[in-house]
Amino acid sequence: MPRITVTVDGVKYEEDVEPRLLLVHLLRERLGRTGTPVGCDTSNCGACTIMLDGKSAKSCSVLAVQADGCDILTIEGLSEGGRMHPMQRAFHEEHALQCGYCTPGMVMAAIDLLREDPDPSEETIRHGLEGNLCRCTGYCNIVRAVRRGAQEMGQAVNTP
Amino acid sequence: MIPAPFDYVRPDSLAEACQALAADEEAKVLAGGQSLMPLLRLRLAYPSRLVDIGRLPELKGVHDRGDHVFIGAMATHDEVMRSHVVNADCPLIALATATVADPAIRHRGTFGGSLAHADPAGDLPAVVLALEGVFVTRSEQGEREIPAAEFFVDYLESALRTAEVLVGVKIPKLGPGWGFHYEKFRRTAQAWAIVGVAAAVRRANGSIAEARIGLSNMGPTPVRAHAAEAGLRDAELGDQVRQACEQAAADTSPSSDLHAQADYRRHLARVLTHRAVRAAAGSP
């Protein structure tokens, strides 16, 4: 069984994994990161989105062995000192969720989107989140939350 | 769902990868895995071994090689669509790649992987066909080159042999005077094309000197719209172009499925070809 090393939310793990083990199952079942849900099983819905070496990826479509040596950030690694990440706060304040199933993936995809464009337009947000499905909200509040999160993250950068 | 069990090897060189593939007939190449993983999870594929070529340095990057651009098989979609070389010398590839799936999948999915997968509904096969790319492969028997017109053999089947790895694709530079457009029709944002049209058009004196048109999802393989291309030679913008594009579905054999009937796909091919050609010709 291959042995892999991964860093998840800042913690280093060494794990023996069956080659067919999917990254999302490693995260949830072995490392207890159940904040990352399994959604559609076919890489459509984006609920399982995480950051793999700083870029968004759908963890249901990556083998754990493929992540060997990689740095992984999940929704559970976003908060600092018990304080939510500005994007999480913006989702909360703009009521950008109803059932909440898509939210971890939405938040990760939103943060990924801001790497490229720290002040995205509504259109950029809608395109940037095209790989993340929400069946409750109709997306309006999600787009609003990403705008707000972007503004707050920008301010956080500008005023340390 | 959970994939069926398989062995996994991650070779350190292209030579080792060829060896690992040659040692097991049921082995399959793992590139970015964005098409393969759903197939494994749905248990539509049962490879005995996956040979992970995703980290091989020989297969990475986009290179300017004078008269052509060489795109490494393991260049990710995200790298390709942002590459200055691609945007300068073969922008049709950047235009089409930006429509592939969604950002997270483009971070992992590779240029070579989606070509070797040979899905006629994919965007890049029709584009590389239209641009007359040349596929460079490696096996234990050595290197060979396969023109795009011979690469796509059948549904999900390429000319790659067992134990042969796609190294990259040479995309000839077309020079000044060419315009490009990729027109894709789909029902939802991240879906495959119901029909896609890749157009490269050389303009001269208010008319079209020549055109190359690749069609996605108009048969078991991507196809060139030869009849439309013939009609577009020296065609004047306006009625002549419109009439030529009416031939876009000639000699195609689109399937009927949940998304569209064959006759509707033929209709789309004509309409989308006209749009793509006009856009590529810079004509509103």
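Chain B is divided into three parts: domain 1 covers residues 7-52, domain 2 covers residues 57-172, and domain 3 covers residues 178-280. The model is a predicted one. Between the C-alpha centres of domain 1 of chain B and domain 2 of chain B the distance is 18 Å. Where these two domains meet, 13 residues of domain 1 of chain B and 18 residues of domain 2 of chain B take part in the contact. On the side of domain 1 of chain B that touches domain 2 of chain B, helix H1 (residues 14-22) of chain B holds the largest share, with six residues. By class, that side of domain 1 of chain B consists of seven nonpolar residues, five polar residues and one charged residue.

For chain A, the domain assignment gives domain 1 (3-77) and domain 2 (86-158). The centres of domain 1 of chain A and domain 2 of chain A, taken over C-alpha atoms, are separated by 21 Å. The contact between them involves 15 residues of domain 1 of chain A and 11 residues of domain 2 of chain A. Two strands of chain A, S3 (49-52) and S4 (55-58), each supply at least two residues of the side of domain 1 that touches domain 2. Of the elements on this side, S3(A) gives the most, with three residues. The side of domain 1 of chain A that touches domain 2 of chain A has seven nonpolar, seven polar and one charged residues.

The two chains also touch each other. In this contact, 22 residues come from chain A and 24 residues from chain B. On the side of chain A that touches chain B, strand S4 and helix H3 (103-116) of chain A are the elements that give two or more residues. S4(A) gives the most to this side, with four residues. The residues of the side of chain A that touches chain B comprise seven nonpolar, nine polar and six charged.

In soluble globular proteins, nonpolar side chains tend to be buried together. In this model, the largest nonpolar core has 89 residues, and the residues with the most contacts inside this core are B:Leu92, B:Val127 and B:Ala199. When residues up to four places away in sequence are not counted, B:Ala199 touches B:Phe180, B:His181, B:Ala211, B:Ile213, B:Ala276, B:Val277 and B:Ala280.

Methods
Residues numbered from 1 in each chain as written. Chains lettered and ligands numbered in written order. Predicted model: local features only at pLDDT ≥ 70, side-chain atom pairs only at ≥ 80, totals over all residues. Domains from an automatic or database assignment. Contact = placed C-beta atoms within 7 Å. Nonpolar A, V, L, I, M, F, W, Y, C, P; charged D, E, K, R; others polar. Core = buried A, V, L, I, M, F, W, Y, C linked by C-beta atoms within 7 Å. Buried ≥ 20, exposed ≤ 12 C-beta atoms within 10 Å, placed from the backbone.
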